[in-house]
Amino acid sequence: MAGTDRHGEKVTEPTRTDGRNPELASGGLGPSFPTPLRAAPKVEAEEVPGRYGKDVLVLLVRDPYWLHAFWEITPERLSEAEASLSTTGGERPVWVLRVYDVSGDKYDGKNANLYFDIHLDDIARNWYLRVDADRRYCAEIGLLGPSGEFVAIARSNTVRTPRSSMSDVIDEKWADIRRGSRYYEEMYALSGGFELGKSSLELRDLMEQRLRSELASGAVSSFGGSPVRKRKARGFWFVLDAELIVYGATEPDAKVEVQGQAVRLRPDGTFTLRFALPDGTQTIDAVASSADGKEKRTIIPIVNRRTEVPAPVVVDDGGA
Amino acid sequence: MTERGYLCLLLHAHLPYVRHPEYDEFLEEDWLFEAITETYIPLVHVFEKLHADGVPFRITMTLSPTLLAMLSDPLLQSRYIRHIEKLILLAEREIERTRWQPVFHRLALMYHWRFTRSRNTFIDRYGRNLVAAFRRFEELGHLETITCGATHGFLPLMAPAQSAIRGQIRVASREHERQLGRPARGIWLPECGYDEGIERFLRDEGIRYFLVDTHGILHATPRPRYGVYAPIVCPDTEVAAFGRDVESSKQVWSAEEGYPGEFWYRDFYRDVGFDLDFEYIRPFIHHLGIRKHTGIKYYRITGKTDHKEPYDPEVALERAAEHAGNFMFNRQKQVEYLEGLMGRPPLIVAPYDAELFGHWWFEGPEFLEFLFRKLAFDQKDIIPITPSEYLERFPTHQVAQPSGSSWGWKGYAEVWLNGSNDWVYPHLYHAANRMVELARAHGNGAPDIVRRALNQAARELLLAQASDWAFIMKTGTVVEYAVRRTKSHIHRFQRLADAIRDNRIDPGYLADIESKDNLFPEIDYRVYA
């Protein structure tokens with residue numbers, strides 16, 4: 001497939017470097033400066049289907065006490081269902097999600113233990129349902145006529161909610177007859193059974209959020225606010241620091257030392273150094289030596305920085 | 001046998017597949033680059049040092065298939081080199097800039113040394129592919145690598161389309177064997193998301209064990225005799241489930257009590273990418289001028305204050321050693337007590353996200369190094385072990401059915417299923433079912449281009465299923481990116497599926513997305529048949 005991939009007539013993106021030639025794609029390994037600012041390539045909007053044209057009802061388990069249901073009903077199937085309802089009295093049928101508790105081994109599709117109805121509004125496409133732990137459920141979505149007649153349009157998969165506590169079943173083979181059930185309670189506590197579900201509130205979440213969050217691609221997500229969000233959240237603030245730029249020029253083949261350390265000259269013999277400038281005095285002795293070793297010139301700037309920080313002024317607006 | 005218990009330290013290394021050849025530079029690719037510099041390479045260095053000194057350490061490590069795919073991808077490898085070269089240049093400039101500030105100057109030297117060493121390890125020692133490093137330590141017997149879902153899909157929410165679960169596991173299992181040279185014996189279920197029955201898919205791939213969060217074991221039926229301190233075996237399948245120990249987790253994870261909050265440890269947030277003059281730092285941040293973390297950080301946590309003191313690596317290292325000693329001491333006490341209660345040596349399973357060590361907790365890799373040295377030379381109560389070794393040593397286990405669970409907030413699926421992200425599941429459901437239909441309609445002998453389109457459709461389905469997208473939507477961080485990724489993979493899947501159905505596959509389009517979403521080169525769509 002090499003070489004042919006970008007020639008399809010429907011590809012609207014600008015030509016890009018082939019991923020199979022990484023050296024080219026990376027723009028070379030020039031160590032000094034970033035790739036020049038260039039417009040991000042236009043990416044076609046990749047949307048998802050609004051509907052799939054199938055009659056489905058699906059249950060997902062969120063936790064021991066909540067299910068999630070989503071569905072799609074085709075207009076054809078809806079018309080059928082409406083037609084099959086007796087419409088005497090002119091009242092409109094209502095959408096209902098009928099949830100069956102089908103716990104137990106021998107559910108045959110008809111003998112549910114019990115069910116409850118949720119009345120939906122017309123525009124809902126999904127719903128969260130309150131249920132119980134360690135039970136099996138399935139559901140139907142359909143129309144409930146004014147006379148109480150229910151016409152199911154789609155039936156869901158069957159799900160089972162997880163347990164939310166220790167099982168009552170004790171395996172004889174592994175029972176500890178000396179200590180009885182108190183032993184299990186102690187093991188439960190020692191294993192951290194009373195702190196369940198806390199894990200993720202803590203460092204792990206912070207860490208994952210950090211790892212997956214801090215870097216947003218401006219090209220994609222229009223992330224572009226102040227980078228120093230963390231501080232901003234704490235109200236007014238002010239920081240200031242100083243750096244000193246020392247620059248000069250000499251013969252391109254000369255040797256220059258600043259404070260005893262060699263300085264790299266540009267091809268035209270100029271150089272620039274940049275230093276963080278703390279409070280205090282800096283004696284910046286700079287020495288240039290000619291290439292033939294016959295001449296030396298010295299320049300010594302002496303720089304003093306002193307920083308004063310007067311107390312902040314806060315206008316008292318009367319405590320409003 | 002003199003030991004009183006076992007410690008299984010597990011590092012879960014995973015990043016979502018982020019690779020954008022269509023851009024010159026893409027910020028989210030930095031997730032990988034930061035993790036390489038700050039976590040994976042420092043861990044490899046720790047392994048090397050421990051091995052050189054004859055320390056018998058054992059670490060179990062998830063290498064998620066998407067991470068393996070990125071680590072072995074030539075484009076990302078060369079972009080990593082570009083990234084580390086830039087960091088080295090920045091460190092060089094920092095060495096000069098901080099000349100009059102000795103406390104920062106020596107840190108600039110430290111970073112320069114770390115970055116050049118990273119470059120050396122990455123390029124010269126492991127030929128740009130860190131998978132080779134992990135493979136080496138597995139062959140040396142120190143590391144047990146395990147797999148994960150192919151793209152870290154949250155399996156319990158795939159329950160209505162069971163083939164989707166099989167796809168995640170089978171593709172992962174094959175990819176692991178292809179990359180590591182041996183089949184994975186265990187699996188880290190993505191987010192520890194477990195639902196009854198998943199073990200059947202594991203058994204079919206020859207996977208012998210998985211990990212669940214604490215309550216997955218504690219709420220098993222029947223009651224687990226040893227709590228989380230021994231694995232249980234699922235009925236009928238003989239696949240073992242190991243549970244996470246809360247106490248050892250908390251010592252490391254807890255934002256309040258955990259070791260990483262130590263005031264002498266390096267602060268994560270203060271970074272020269274945010275602190276320094278814009279014109280100076282501009283070549284090292286995003287090319288549109290967006291400031292970002294560079295990795296050069298000069299301060300320590302200091303306390304709950306905005307005023308941060310400069311970082312002191314020597315003191316921080318001492319603290320890491322103390323914390324390792326404290327961690328070991330607490331495990332000894334725990335093991336001693338549990339052994340008395342249980343009547344057999346307990347197994348303590350302590351899993352962590354690998355990226356915690358080094359990336360978030362800068363001194364984390366050194367903590368691990370100290371811990372394994374101390375375990376080897378300062379005590380005899382606890383033996384470091386991997387799950388496979390444990391199963392070899394203790395062949396008999398209680399049979400019990402683990403309970404549905406995850407290690408996310410509240411312990412179940414809510415992080416990945418709530419108002420912010422529930423819109424994705426209808427799309428994933430329909431795509432998974434359609435994948436099965438397509439795979440069944442095209443058995444052996446499909447024409448080459450159809451086979452390629454089907455394989456690419458399978459990749460798109462898997463990429464759309466990554467739990468990372470739902471997680472990001474929930475946590476509200478780079479939501480637009482996560483939404484875009486979900487939509488584009490669903491879109492590409494459906495477009496390919498339509499083309500296959502209509503027998504009108506556009507070779508240009510197919511080749512284009514093959515080159516973009518290029519992971520799992522040997523995927524076989526028939527896993528969905």
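1. The accessible surface of chain A comes to about 19600 Å², and carbon and sulfur atoms account for 53% of that area. The model under discussion is a predicted one, and the values in this note should be read with that in mind. Chain A has 320 residues, of which 37% count as buried, and its secondary structure comprises six helices and 16 strands. When contacts in chain A between residues at least 6 apart in sequence are taken together, 55% of them join residues at least 24 apart.

2. In chain B, the packing of two helices deserves a look. Two packed helices are described by the angle between their axes and the distance between the axes. Helix α1 of chain B, residues 30-52, packs against helix α13 of chain B, residues 364-377, at an angle of about 20 degrees, and the two axes are 9 Å apart. Because of that angle, α1(B) is roughly parallel to α13(B), the cut-off for this description being angles under 35 degrees. The crossing of α1(B) past α13(B) is right-handed.

3. The residues that form this helix pair can be listed from both sides. From α1(B), Pro42(B), Leu43(B), Val46(B), Lys49(B) and Leu50(B) take part, and they meet Pro365(B), Leu368(B), Glu369(B), Phe372(B) and Arg373(B) in α13(B).

4. Helix α9 of chain B, residues 246-253, is largely enclosed by the rest of the structure, because six of its eight residues are buried. The buried residues in α9(B) are Val246(B), Ser248(B), Ser249(B), Gln251(B), Val252(B) and Trp253(B).

5. Not counting residues up to four places away in sequence, Arg434(B) touches Phe493(B), Gln494(B), Ala497(B), Asp498(B) and Arg501(B). Glu175(B), in helix α6, residues 162-180, is buried with a relative accessible area of 4%, and, leaving aside its neighbours within four places in sequence, Glu175(B) is in contact with Pro65(B), Phe520(B) and Pro521(B).

6. Some backbone geometry in the loops of chain B also calls for comment. Most residues other than glycine have a negative phi, and most peptide bonds are trans. The peptide bond from Thr221(B) to Pro222(B) is cis, with omega near -5 degrees, and Pro222(B) is found in the loop between α8 (214-218) and β6 (232-233) of chain B.

7. Which value does phi take in Arg128(B)? Phi of Arg128(B) is near 75 degrees, which is positive although the residue is not glycine; Arg128(B) belongs to the loop between α4 (102-125) and α5 (131-139) of chain B, and at 24% relative accessibility Arg128(B) counts as partly exposed. Cys192(B), another residue other than glycine, has a positive phi near 55 degrees. Cys192(B) is found in the loop between β4 (186-187) and α7 (198-204) of chain B, where Cys192(B) is buried, with a relative accessible area of 2%.

Methods. Residues are numbered from 1 along each chain as its sequence is written. Chains are lettered from A and ligands numbered from 1 in the order in which they are written. This is a predicted model: local features need pLDDT of at least 70, side-chain atom pairs count only at pLDDT 80 or more; totals for chains, interfaces and linings use all residues. Side-chain values use heavy atoms; hydrogens and water are left out. Helices (H or I, at least four residues) and strands (E, at least two) are DSSP runs, numbered from the N terminus. Buried means under 20% relative accessible area, exposed over 50%, partly exposed in between (1.4 Å probe, protein chains only). Contact means heavy atoms within 4.5 Å. Accessible areas come from the Shrake-Rupley method with a 1.4 Å probe; for residues, only the protein chains shown count as cover. Axes are lines fitted to C-alpha atoms, for helices over the stretch in contact, and angles run from 0 to 180 degrees between N-to-C directions. Angles under 35 degrees count as roughly parallel, over 145 as roughly antiparallel, 65 to 115 as roughly perpendicular and the rest as oblique. A crossing is left-handed if the near helix is turned anticlockwise from the far one by less than a right angle, and right-handed if clockwise.
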